[in-house]
Amino acid sequence: MNQIAQPITIRNTTFKNRIIKGAMSEALANYEGQPNDLHLGLYGAWAKGGLGCAITGNVMVNVGAKNEPGVVVIETERDLERLKEWAALGKKYGMVQLIQLSHPGRQCPKGLNKETVAPSAVPFSPALATMFGTPRELTHDEILDIINRFATAARICEKAGFEGVQLHGAHGYLISQFLSPLTNKRTDQWGGSVENRTRFLLEVYKAVREATSENFIISVKLNSADFQRGGITEEDVISVFKAIDEAGIDLIEISGGTYEAPAMAGAKADKRKTSTIAREAYFLDFAEKIRQHVKCKLMVTGGFRTVEGMNAALASGACDFIGIARPLAVETDLTDRLIAGQDVRYAVKPIKTGLPFVDKMAIMEIIWYAAQFKTIGKGKKPNPKLSPLVVFFNYAKGNIKAVVKGRVNSRKSA
């Protein structure tokens, strides 16, 4: 039996198969963070390709805290009609859609926003300090405001017709920053013990649940580890998973890493045991371990490349969903092909520009795929041979324009 093709239900929503597109940055919005026809073209292509569920790229809850140019922002009902079009597109093809709500915290390029805030004023490693500045520590009232922003965005998503949201608690974004002792040095109720460091995530979840209906799906993406010395321990990670499960979360996506240790891009794959590599998924071993502690549905993303490997993971009970990200950027019909028993066509390889200061970061693993999304959004076929160097220089040019525009707007509003 091809377990990939088996439907599954969360609350009152049925997923027609077990393939979920993991979140990837689209970078298709305008400076104000508004969705457009490119988003509809992109998600329409995936829907037509048989995808069971799509989790969007980062959707920010504060226009003053963007992680990159081109990110969608939901603060008000300003774009409600366009969001309704987006949600309706999924329903037309039976593709569940979860909006990934996020706040970047310290992970904002210098100059993009008026200021950068985080749980604590912890600078980046020297390798990334040239790109990311040291953040300002959030006040208690500012933390409460951000929690409310997550709830507001979720309410708007449900009003637009989306089936649910995913809270981005991985990859070094704000929720992840609160969880990690490396980036959370607070001594108040939001820091210190693992219980205190988990408080922000739990309060965001509770606020979102209160702002939405009983049938609205709430998911969270969490790190199995941040792969940094002095980071969150496995014992603490298990505590976080258990706490959010007990709170009532519907689905946890398991990932790992941060900008400073990008395991989410497969950077740690070469250090895995041979037996683990044979099972394909980067975080499957951890999923088996965490399955003993939680009751909610689990999703594993990263590394899956064959129908056999995906079916084996589902059959083992380690996960309920298979998360696929980068292959879908160059194969929009991949889901239909997997259900037909065909494997991923294009092997995912590290995206290298040949520029050492760029290649040591995970940034190309984001922006190269975003360039593919723009092509797909225009109704064209993706290009697996697209030059990483050209993509980087186009990205740098766009960043400079965004920074300049941001400074001009800041002066106007001052």
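Tutor: Helices here are DSSP runs (H or I, at least four residues), strands are E runs of at least two, and both are numbered from the N terminus. Axes are lines fitted to C-alpha atoms, for helices over the stretch in contact, and angles run from 0 to 180 degrees between N-to-C directions. This is a predicted model, where local features need pLDDT of at least 70, side-chain atom pairs count only at pLDDT 80 or more, and totals for chains, interfaces and linings use all residues. Residues are numbered from 1 along each chain as its sequence is written, and side-chain values use heavy atoms, leaving out hydrogens and water.

Student: At what angle do helix 1 and helix 2 pack?
Tutor: Two packed helices are described by the angle between their axes and the distance between the axes. For helix 1 (residues 37-48) and helix 2 (residues 80-93), the angle is about 10° and the axes are 9 Å apart. That makes the pair roughly parallel (angles under 35 degrees).

Student: Which residues make the contact?
Tutor: Contact means heavy atoms within 4.5 Å. Among them are Leu 40 and Tyr 43 of helix 1, and Trp 86 and Leu 89 of helix 2.

Student: Which residues of helix 9 are buried?
Tutor: An α-helix has 3.6 residues a turn, so residues three or four places apart point the same way. In helix 9 (residues 284-291), Leu 284, Phe 286, Ala 287 and Ile 290 are buried (under 20% relative accessible area, 1.4 Å probe, protein chains only). They fall within an arc of 150° seen down the axis, so they line one face of helix 9; the arc is that of the directions from the helix axis to the C-beta atoms.

Student: What do they pack against?
Tutor: The buried residues of helix 9 pack against helix 7 (234-247), strand 12 (251-255), strand 13 (297-301) and helix 10 (307-316).

Technical notes
Angles under 35 degrees count as roughly parallel, over 145 as roughly antiparallel, 65 to 115 as roughly perpendicular and the rest as oblique. Buried means under 20% relative accessible area, exposed over 50%, partly exposed in between (1.4 Å probe, protein chains only).
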